[in-house]
Protein chains: 2
Amino acid sequence: MIGTPINDRKAKRREATRLEIIDAAWAVARQHGLAALTLREVAARVGMRAPSLYSHFDSKNAIYDAMFGQAWHAFLDLVDATDPDLPGEPRARLKAVARQFFDFAVADVPRYQLMTQQVIAGFTPSAEAYAPAVQVIERLRQTLAQAGARDDQAMDLFTALVSGLVSQQLANEPGGQRWRRLIGRAIDMYADELNLPAPPPRTTAARRTP
Amino acid sequence: MIGTPINDRKAKRREATRLEIIDAAWAVARQHGLAALTLREVAARVGMRAPSLYSHFDSKNAIYDAMFGQAWHAFLDLVDATDPDLPGEPRARLKAVARQFFDFAVADVPRYQLMTQQVIAGFTPSAEAYAPAVQVIERLRQTLAQAGARDDQAMDLFTALVSGLVSQQLANEPGGQRWRRLIGRAIDMYADELNLPAPPPRTTAARRTP
DNA sequence: GTCTATACTGTGATAGAC
DNA sequence: GTCTATCACAGTATAGAC
């Protein structure tokens, strides 16, 4: 009795409603802040009463959980889509990765707060929602290894450096560029510490090595 | 009618009650988390009912505000008390400053969250409570200038680096040492970028330059 | 299955008696 | 100052309409 057209349509409708609710929740979070999200307001935006949300989510934290998974999945998709376009030169590659994370973080502050900080009191992401975050870390590990940073400490130092730039930007000058402009300098500093090769001098020819 | 012994005693008693309330609030925050703090529980710990707290604080956020100011003031006092004992050699000095901030942050997570992140929904610190934080930044600016890092970018890079180490430690391994152990490496990396002099080779003599 | 109405508990905050 | 009583609003459990 599973997989019939009727059940497919029901499941699709159900999933569509879930997405509507999550979208509404993002809208409320962006407008009033992540912690100020209320079920009544989310419900009102999708034309329901608050208790009706419990037909689709077990609790308010389950909504946060779905949002958490969606956010990390969006970043994972971005990472995978961008990968072929990344520059081959190690330093430029690391800078591009750092700027990608930075820009994604700064573009939607409540999303970034949910992804990284423990802003919500009793919320801990489920293993399922956390999975894409693990995959992002794995992609980063590969990128760093490719650039010549193979030990775990180099990885930890990179994440600390980039997340530190983001957190300072958001805390002290949200919407600004003061710490974003430091990314190039910061990554060069990092690459020097790892003895990564300096970028080759610019030439017009030989854009690809055969 | 101000400054009489009776008014002094009243003011002291009033200030003592305020401190009792703040201490109770810290205890609740450490036990249940900063955001899970409730006026009823704070009041119970000082033998009151919740509405009585409004005789001493205008709102719940006013309690957070007093906690915020107290926390930064405690760190400022620590910084000033430690200053004469800091090593003179620039790199060692920067490492000591970084470890001091790191250890203070990690020692009391709710305190650090209140000091740096926007964990509380509608809370913005007052100018008065923020003052000691500004002084801490000023001390840091002096320390960095003394070590040879005089531009604003160097300051921003330092704060990003250290706060990044803290945030990664707290997010991924609270109570551990994984990122703390990176402080030496991170600060050396930073000092190299600023072309600070390398530390002198260890000798038993000449511990001070005449 | 999906939604509503209702109600329970707990929150920060206010009003007024003592 | 501190109390009791009360309010508006939150999350959420339950029962029942369709």
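**Exercise 1. Count the aromatic pairs over all chains, then work out the geometry of the one formed by Phe68(A) and Tyr130(A).**

Step 1. Start with the rule: rings of Phe, Tyr and Trp (its six-membered ring) pair if their centres lie within 6.5 Å; planes under 30 degrees apart count as stacked, over 60 as edge-to-face and the rest as tilted. The count over all chains comes to 16 aromatic pairs.

Step 2. Phe68(A) and Tyr130(A) are 6.2 Å apart, centre to centre, with 10 degrees between the planes, a stacked pair.

Step 3. Now place the two rings. Phe68(A) is in helix H3 and Tyr130(A) in helix H6 (residues 127-147) of chain A, 62 residues apart. Helices here are DSSP runs (H or I, at least four residues), numbered from the N terminus.

Step 4. Check accessibility, where buried means under 20% relative accessible area, exposed over 50% and partly exposed in between (1.4 Å probe, protein chains only). Phe68(A) is buried at 3%, whereas Tyr130(A) is partly exposed at 39%.

A note on the model: it is predicted, so local features need pLDDT of at least 70 and side-chain atom pairs count only at pLDDT 80 or more, while totals for chains, interfaces and linings use all residues. Residues are numbered from 1 along each chain as its sequence is written, chains are lettered from A and ligands numbered from 1 in the order in which they are written, and side-chain values use heavy atoms, leaving out hydrogens and water.

**Exercise 2. Which parts of chain A does the pair of Phe75(A) and Phe101(A) tie together?**

Step 1. Phe75(A) lies in helix H3 and Phe101(A) in helix H4 (residues 90-107), so the pair joins parts 26 residues apart in sequence.

Step 2. Both residues are buried.

Step 3. Widen the view: ring pairs link Phe75(A) and Phe101(A) with Trp72(A), Phe104(A) and Tyr112(A) into a cluster.

Step 4. Look at the face of Phe104(A): Arg111(A) lies over it, 3.5 Å from the ring centre. For a charge to sit over a ring, NZ of Lys or CZ of Arg must be within 6 Å of the ring centre and within 35 degrees of the ring normal.

**Exercise 3. Is Ala71(A) buried or exposed, and which residues does it touch?**

Step 1. Find Ala71(A) in helix H3 (residues 60-82) of chain A.

Step 2. Ala71(A) has a relative accessible area of 2%, so it is buried.

Step 3. Its contacts (heavy atoms within 4.5 Å) are Trp26(A), Phe104(A), Arg111(A) and Met115(A), not counting residues up to four places away in sequence.

Methods
Helices (H or I, at least four residues) and strands (E, at least two) are DSSP runs, numbered from the N terminus.
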